[in-house]
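Biologist: Hey, can you walk me through this one? I'd like to go residue by residue and ask as we go.

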Amino acid sequence: MSDINERATSNNASASSLALRQIISRQIAWWQKPAVSIIIAVLGLVGILTFISMNVVKYETHLASGDPVLLQLAPVDPRGFMQGDYMTLSYALEREVLDMLDKTGDRPQSADGYVIVALDEHDVGHFVRLADSYQPNTLAANETAIHYRLRNGLVKLATNAFFFQEGHANAFEAAEYGLFRVNDKGDPLLTDLVNETFDVIDPTDTDKAKVNN
């Protein structure tokens, strides 16, 4: 009787295992159907294209509606200044933000804030003060708030690299300012480099374009 019970239990276990394998096999087979794979691939592609389109619209809106602000470039390590098709950038305003944080004794390793700049007749931004939050109602008519990030004790205003077509490096050696478009949230977007006479540097154009045109 004991052997019969053991054989019955073993048979039941085998049957359960077989049924489970059949269910799993059917599930795997369902996911492996060509039509299902195509649908999943199409949905994934649609998601990626939607994300890209949203970012393009966001970029174009920022570019079209942002206010122009020039920030003076600061010297950088000449060994890393030109890298074939891009140049490393640093901004004088970053140093001024750090100096103010050091003066107040409040220089955390990681933080976000706003630096208020006053624009002169050429739209060059000059340091005025720091702010913890974006409050446009506290700004003077010629002031703009620019968002900055403090990471590992260093200030980052925007991109620290400007890309250009290889072979045009000589033209950009005359850069004195970065031209930004600053949106209504204080986010700066670098668009061009500008020389000491406030002309946008365009190595492919013999006619220099003024920043305010």
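Predicted model: local features only at pLDDT ≥ 70, side-chain atom pairs only at ≥ 80, totals over all residues.

Biologist: Where is asparagine 142 found?

Modeller: Asparagine 142 sits in the loop between β4 (125–131) and β5 (143–151).

Biologist: And what does asparagine 142 touch, not counting residues up to four places away in sequence?

Modeller: With those left out, asparagine 142 touches Val117, Ala118 and Leu119. There's also aspartate 123, which is 19 residues from asparagine 142 in sequence, with 9.1 Å between their C-alphas in space.

Biologist: OK, new topic. Which residues touch the most other members in the largest nonpolar core?

Modeller: Those are Ile146 and Leu157, in a core of 29 residues. At least two residues of this core come from each of β1 (67–72), α4 (92–104), β3 (110–119), β5, α5 (169–172), β8 (177–182) and β9 (188–194).

Biologist: Which of them gives the largest share of this core?

Modeller: That's α4, with four residues.

Biologist: You mentioned Leu157. What is leucine 157 in contact with, leaving aside its neighbours within four places in sequence?

Modeller: Quite a list: leucine 157 contacts Leu71, Tyr91, Leu93, Glu94, Val115, Ile146, His147, Tyr148 and Pro188. Another core lies apart from the largest one; it has seven residues, including Leu70, Tyr177, Leu179 and Phe198.

Biologist: Is valine 46 buried or partly exposed?

Modeller: Valine 46 is partly exposed, since its relative accessible area is 44%.

Biologist: Now the rings. How many aromatic pairs does the structure hold?

Modeller: Five aromatic pairs. Take phenylalanine 162 and phenylalanine 172: their ring centres are 5.3 Å apart and their planes make 55 degrees, so this pair is tilted. Phenylalanine 162 is in strand β7 (residues 161–163) and phenylalanine 172 is in helix α5, so the pair links distant parts of the chain, 10 residues apart.

Biologist: Why does phenylalanine 172 count as buried?

Modeller: Because its relative accessible area is 4%, and buried means under 20%. Phenylalanine 162 is buried too, with a relative accessible area of 12%.

Biologist: What about phenylalanine 164 and phenylalanine 172, how are those rings arranged?

Modeller: They form a stacked aromatic pair, with 5.0 Å from centre to centre and 20 degrees between the planes. Phenylalanine 164 counts as buried at 10% relative accessibility. Put together, Phe162, Phe164 and Phe172 form one aromatic cluster.

Biologist: Nice. On to charges, how many salt bridges does the structure hold?

Modeller: The structure holds three. In general, side chains of opposite charge can pair when their charged atoms come close.

Biologist: What does arginine 95 form a salt bridge with?

Modeller: Aspartate 99, and the closest N and O atoms are 3.2 Å apart. Arginine 95 and aspartate 99 are separated by about one helical turn, because they are four residues apart in helix α4.

Biologist: Are arginine 95 and aspartate 99 buried or partly exposed?

Modeller: Arginine 95 is partly exposed at 44% relative accessibility, and aspartate 99 is partly exposed with a relative accessible area of 33%.

Biologist: Next one, please. Which side chain meets arginine 151 in a salt bridge?

Modeller: The side chain of aspartate 112, at 3.1 Å from N to O. Arginine 151 is in strand β5 and aspartate 112 is in strand β3, so the pair ties together parts that are 39 residues apart in sequence. Arginine 151 is partly exposed, with a relative accessible area of 36%, and aspartate 112 is partly exposed at 42%.

Biologist: One more: which side chain meets arginine 129 in a salt bridge?

Modeller: Glutamate 143, at 3.2 Å from N to O. This pair links distant parts of the chain, with arginine 129 in strand β4 and glutamate 143 in strand β5, 14 residues apart.

Biologist: And how do arginine 129 and glutamate 143 count, buried or partly exposed?

Modeller: Arginine 129 counts as partly exposed at 29% relative accessibility, whereas glutamate 143 is buried, with a relative accessible area of 15%.

Notes: Residues numbered from 1 in each chain as written. Heavy atoms only, no water. Contact = heavy atoms within 4.5 Å. Core = buried A, V, L, I, M, F, W, Y, C linked by side-chain atoms within 4.5 Å. Buried < 20%, exposed > 50% of the residue type's maximum accessible area, 1.4 Å probe, protein only. Phe/Tyr/Trp six-rings, centres within 6.5 Å; stacked < 30°, edge-to-face > 60°. Salt bridge = Lys/Arg side-chain N within 4 Å of Asp/Glu carboxyl O.
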